[in-house]
Amino acid sequence: MPPVPVTAGRLASLLLAQLDGSPLERPAYASLATAVRTLAVDGRLGQDVRLPSERDLSTAMGLSRTTVTRAYAELIADGWARAQQGAGTFLRIPGSVGHAASPLVPLDGVEVDLTAAAVSCVPGTSALIERAMADLPALLRGKGYQPVGLPRLREVIAERYTRRGLPTTPDQVVVTSGAMSAIAVVLRAQVRRGDRVAVETPTYASVLGAVPAAGARVVALPAGPRSVWDADAVRATVRASTPSLAYLIPDFHNPTGELMTDEARAGTAAALRAGGTLALVDESLVDLRLDPGPMPLPFGVHSPEAFAVGSVSKPLWGGVRVGWVRCPTTQVAAVQAARLTLDIGASALDQLVAAEFLAHPDELLGLRLEALRTMRTAWLDALAAVAPTWDVREPTGGLALWVGLPERVAPELAAAAATRGVGLAVGTQFTSDGSARERVRLPLTATLEDVDAVARLLVTAYDEVVTRGTAATRRPFPLIA
């Protein structure tokens, strides 16, 4: 597949947003090269993207062609681009060759594990399970196999979608053994070997492995100037690479915590529809809104042909392995058939617990959100005190903070933190091309007696890495705001 190009108009809009109205500093060519590098490491320009011609970019930016030519020459000289005769100039992100996403699973041998954003039980979970078991005697009369899910659970899930503004019938719901199982079912039903699947940059780390496992290739959806989502970038990527499926996390995106607006949902849905690309929407975090306010309509309202995936693992507990797919009516049979090629049903006991929780979520969900808010405040206060130059934004929901470092040394920081007994998830694990080397994800789910001490440890490790680092790992340009 040829590298995806970026038009002069789009690159100019990204650069102007990066400059935020300020003129290029002198020398202009060096400032322009720096701005392009900044867009690359923050995920707004992907690996091997073809840059616009020097003439087109100079016209779009109102710069001299000499300035753009010298900027491209500097990128090439520094190893940030390569020139191919007759084809153009292609972006190259140093250190990302051969990158493979690492699975985020709980680590052994560390005192503090910050790798997995997974929740433990809140008080009252045992009582919930006891209530759910009241329906067990009726189940024991049957064989226990429910390939598409218990009827009561499917009814509860359908009612939830309908209340949110997306009318749904129980027949459209297929229950699975967790969200990853639901994603695998849709991939199996919709993707053929050699197809392309578009994913956000960054995205849920496990999907970066699930797509190749399904025989498909990952295509990165470049981030917008101020958000993970950019309908124009989606439209350009779909037109250039024709993916059969696009995986999106519009509700408290993992790992950034962003919430896609109704306007962005409508624009993204229209861009996908125009290119014939189906949407696979991960709503596993939709219940985890930490700040008050209205929620946007489900993505499926704007895209009736979309698949939606949900789970109780994030709001309730990872030990209850229940997820689901909400299917468009025309795809129910295909998803049901794909479901049976993986296994013949999720745990009936887990489904009883899930149905009880989803029917009456308020008490336990309230405790969950309170715990997440408490940890969010603790991290924000601790990092503000010891790491004032780090880019720490307050998410409105989700399970983590997506933290920017002043320099591109997140993998090196993780190695240094591990020697001090702390496991850390870094940005490269959430991207398909090894970018986001300046990002780390800090979970709001870790049980930490002293967040301040862990924050100080991370800053000490970071300072050690930067002090002994080389020019190749240093980042001599500012983080995007």
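In the predicted model, D287 is partly exposed, with a relative accessibility of 22%. This residue forms a salt bridge with R160, in which the closest N and O atoms are 3.1 Å apart. The two partners come from distant parts of the chain: D287 lies in the loop between β8 (278–282) and α12 (299–302), whereas R160 belongs to helix α7, 127 residues away. R160 counts as buried because its relative accessibility of 13% is under 20%.

A further salt bridge joins R164 and E283, with 3.3 Å between the closest N and O atoms. R164 is located in the loop between α7 and β4 and E283 in the loop between β8 and α12, so this pair ties together parts that are 119 residues apart in sequence. R164 is partly exposed at 26% relative accessible area, while E283 is buried at 5%.

D171 sits in the loop between α7 (151–163) and β4 (173–176), 17 residues from R154. D171 is exposed, with a relative accessible area of 56%; R154, at 12%, is buried. In total, 19 salt bridges were counted, and R131, D135, R152 and E356 are linked in a network of such contacts.

Negative charge also gathers on the surface, in a patch made up of D381, E449, D450 and D452. Of these residues, D450 lies in the loop between β13 (439–443) and α17 (451–468) and is partly exposed at 40% relative accessibility.

The count of disulfides is zero. Among the cysteines, C121 is partly exposed at 38% relative accessibility, whereas C327 is buried at 0%.

Technical notes:
Residues are numbered from 1 along each chain as its sequence is written. This is a predicted model: local features need pLDDT of at least 70, side-chain atom pairs count only at pLDDT 80 or more; totals for chains, interfaces and linings use all residues. Side-chain values use heavy atoms; hydrogens and water are left out. Patches are made of residues with over 30% relative accessible area and no salt bridge: like charges are joined within 9 Å, nonpolar side chains (Val, Leu, Ile, Met, Phe, Trp, Tyr) within 5 Å. Accessible areas come from the Shrake-Rupley method with a 1.4 Å probe; for residues, only the protein chains shown count as cover. A salt bridge is a side-chain nitrogen of Lys or Arg within 4 Å of a carboxyl oxygen of Asp or Glu. Lys and Arg count as positive and Asp and Glu as negative; His and the chain ends are not counted. The place of a charge is taken as NZ of Lys, CZ of Arg, CG of Asp or CD of Glu. Helices (H or I, at least four residues) and strands (E, at least two) are DSSP runs, numbered from the N terminus. Buried means under 20% relative accessible area, exposed over 50%, partly exposed in between (1.4 Å probe, protein chains only). A disulfide is a pair of cysteine sulfur atoms within 2.5 Å.
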